[in-house]
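Hi,

Here is the structure I said I'd pass on.

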Amino acid sequence: MEMPFSSSNDGFTLKSHPHQLLKEHLEGVTTIATEIYGSQNKSTERLEIIRKICMAHDFGKATSFFQEYLAYHEAKEKGEKREKDKHFGPNKNHSLLSALFAYWWLPEEYKLFGYLIVKRHHGSVKDARDEFNLTDDYSVIEEQIQDIKKYSQIELEKLYGLDLNEFFESINENNIRKIKKHFRKRWQSNKFSIEDTLDFNYFYSLLLTADKMQLIAESPKLPAQKPSWFVEKYKDHVRSKLLSKNEAIADSQIFQMRDKIFEEIKKELDLVDLNSEYFFSINVPTGSGKTFLAYYSALYLADKLEKLYGKESQVIYSLPYMSIIDQNYDELINIIKFNQGMDEPKDTEILKHHSLSEIKYESDEKEYKNYDARFCYDNWQSKIITTTFVQLFNTVFKLGKNSIAHRFHRLTNSIIILDEIQAVDEKYYPVIKEFFELLAKKYNTRFIFVTATMPLLVGTHELVPGKKTYFEKLNRIKICNHVHEEESLDDFKNILLEDIEDQDEKSILIVLNTIKSSKEIFEFLQENTDRTCLYLSTEIYPKARLEKINFIKNSPEKLVVVSTQLIEAGVDIDLDVVYRDFAPLSSINQTAGRANRNGVGREPGEVHVYRLKHEKTGSYFHNYIYPAFLTDITLDILGDKEEIQEKDIYFLNEAYANKIIEKVSHDISAEMLEHVMNFDFEKLRDSFELIKKDYAFKKDIIIEADPECSQIIEKLREIKKKGKVAKNPWEHNFEIKNLFRQLNRYRISINEKTYLTIRDDLHEIEGFDVEYLPMTQGTRQLYSEDRGIISNTPSIEIF
């Protein structure tokens, strides 16, 4: 029986946190969650469900066991308790009892959801069948209920406006078994759907966000979204700047094409029907200004979506690699600063979110610290987010994971840009398609796929309908196909050396498939040419890697650059001639995009593709990296063509995409969909790994490359020595986390055999299970910024 809620705090004594009443916390969480829901949805259909889940989530804190536990730790923090730490048993835990209350209180359709959400609001949701195994906890629950009856039933009934006797009577072993039967019946009848899992995660996200946000002194206020004309105005500025430096560039084909494409996309956006269209694509040639096109389109659609539905929209710009996020983020910063003054935009306006970025958060009103900053940062409290594919796809697929799921609701009404979408592993296409289609229709999300080599992931509205014309007109490059001539690495060295000597007026890029082969080529060229040679691979720590990329971009010298495939996607460098070890067509295209990007000069840039073989093993180097079906498709498409003009690449890409759809294995997608049907959240999370981990054992180490890195290491040592005495736990942990984010700029992943070779030279940051490699040990050099780890390991290391 329900009764009116009490609006006053008079007579309420139960606490949820040291400085907050349980009543205040529950009502605060409920208000935040329902306000978020209201800001994202026209319908109020599920408002009452969210209200009950939020009000129920800390019900179990009403026991004297929890209240005593809270009082003890509050006194200890104040220094009032000096005795040895007191042990509290499982009867002080609150989540399971709260989950049972939610199950009892909610309508039939949402009982299972509410139970799981509340039970795991302090941890991640496991597979549902494991979560509904309750028998071992009954004695604790019974003890808690008797305690509430004795000490706090009256206050709880006043708080909830309910007669709780009916609930208490329902909690017995027989009824608890019925909860398990309820789940089993639902699971066996029609099982669960993708829609169920997304709905579950949305409710879970609202509770987690509200529960954390309620503890923040002042919730951030997000500004209005930036207008699309910001992008156009800045683009025109950049165009004028380029012309002032080099008037001849105005005659280049790609320069003229950029203007035409931008005008075409503006016209096409006016024709978009957001009532029925959810997926859009920008499929244009490399170097045609995709970043500007994507941001303009996203901001235009965000404005259109807001006017159509009356709900605010955010933009999420995602890219495959951290190495290219900084340049994308900086471009957007420049767009905003150019249009609204030179002050740095606040984090409420634009936020960069990945594992190397510092955890900080600032709005116009205040700078957030410690717990508050970390939560706002991780929760994507901003109008524009720039992040990695890993962060975005984890938000979609790591369902029920506490540390990620809290931001899931931020996908609602969002415009999501996926730049270089071809970098996503093809085996996930079927399951991504199904999830994205439901996010679009159920959560009003819009997607923009951006690439020069569009895969057939879903049907899209092409925002540049004349794309084929642009591809056909280009003649910046030609692909010289040598794959029918199998070459050893030694033969390839001689080919390179001869060509480099004959082309001293041209810059050269050489892309290899493994670290081992790339190092060998780099060292050979360093020793045998007078040209300036630079080396890039994942063995070069990220800070040095970015410095090298910037140097390559800005150097007037004709450089020779040797790299692994990290150079492919989105790295904005422009060289004259490219040499590429054989790879799938999408990778060859991406590498080709680093040649003659601006189409300057009468002759097209050349992209030479060779098929290199390891002399000792007889294996092709591409076999260590890429699935055989992708390279087989590419061999079939390239065939015996000796030269491929840029205008023909579009048609080759179409054929390539069609063959992938025919041959891609659906096994992993089918496995994930089976986990969805069973509500196996843990298995679902484990089965989705965007970054491949199965090719070799990898070990992370830090390169102690400069005084800044040494200082970070020393700070971590000092913190560990001092412990938590000087700071509160949140401040202590926050400082450590940010130091590790700074340290990530020096972190590399290495092959197992390489690790074993250098293990004796590694040092440890005590207490953190982190190893680092100094640059030197005595007179012996251990690491070179030129070429990475100095090791004699015979292994073939994978990028």
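**What I found**

Keep in mind that this is a predicted model. The pLDDT averages 88 over the protein chain, and 93% of the residues score at least 70. Residues 1–5 have a pLDDT below 50, though this stretch still has 20 contacts in the model beyond near neighbours in sequence. Residues 795–799 are also below 50, with 28 contacts in the model beyond near neighbours in sequence. Where pLDDT is low, the predicted coordinates should not be read in detail.

Now to a pair of strands. Strand 14 runs parallel to strand 15 (residues 560–563), and four bridges join them. Within that pairing, Y535 sits opposite V562 of strand 15. To get from strand 14 to strand 15, the chain passes through helix 23 (residues 542–554), making a right-handed β-α-β crossover.

The other spot to look at is K478, in strand 12 (residues 477–488). Is K478 buried or exposed? K478 counts as buried because its relative accessible area is 17%, and the cut-off for buried is under 20%. Its side chain makes a polar contact with the side chain of E643, at 3.4 Å. Leaving aside neighbours within four places in sequence, K478 is in contact with P604, G605, E606, V607, E643, I644 and Q645.

Cheers

Note on methods: Residues are numbered from 1 along each chain as its sequence is written. This is a predicted model: local features need pLDDT of at least 70, side-chain atom pairs count only at pLDDT 80 or more; totals for chains, interfaces and linings use all residues. Side-chain values use heavy atoms; hydrogens and water are left out. Two strands pair if DSSP finds at least two bridges between them. Helices (H or I, at least four residues) and strands (E, at least two) are DSSP runs, numbered from the N terminus. A crossover is right-handed if, with the strands pointing away from the viewer, the path from the first strand over the helix to the second runs clockwise. Buried means under 20% relative accessible area, exposed over 50%, partly exposed in between (1.4 Å probe, protein chains only). A polar contact is a pair of N or O atoms within 3.5 Å; within protein, one must be able to donate a hydrogen and the other to accept it, and residues adjacent in sequence count only if both atoms are side-chain atoms. Contact means heavy atoms within 4.5 Å. pLDDT is the predictor's confidence in each residue, from 0 to 100.
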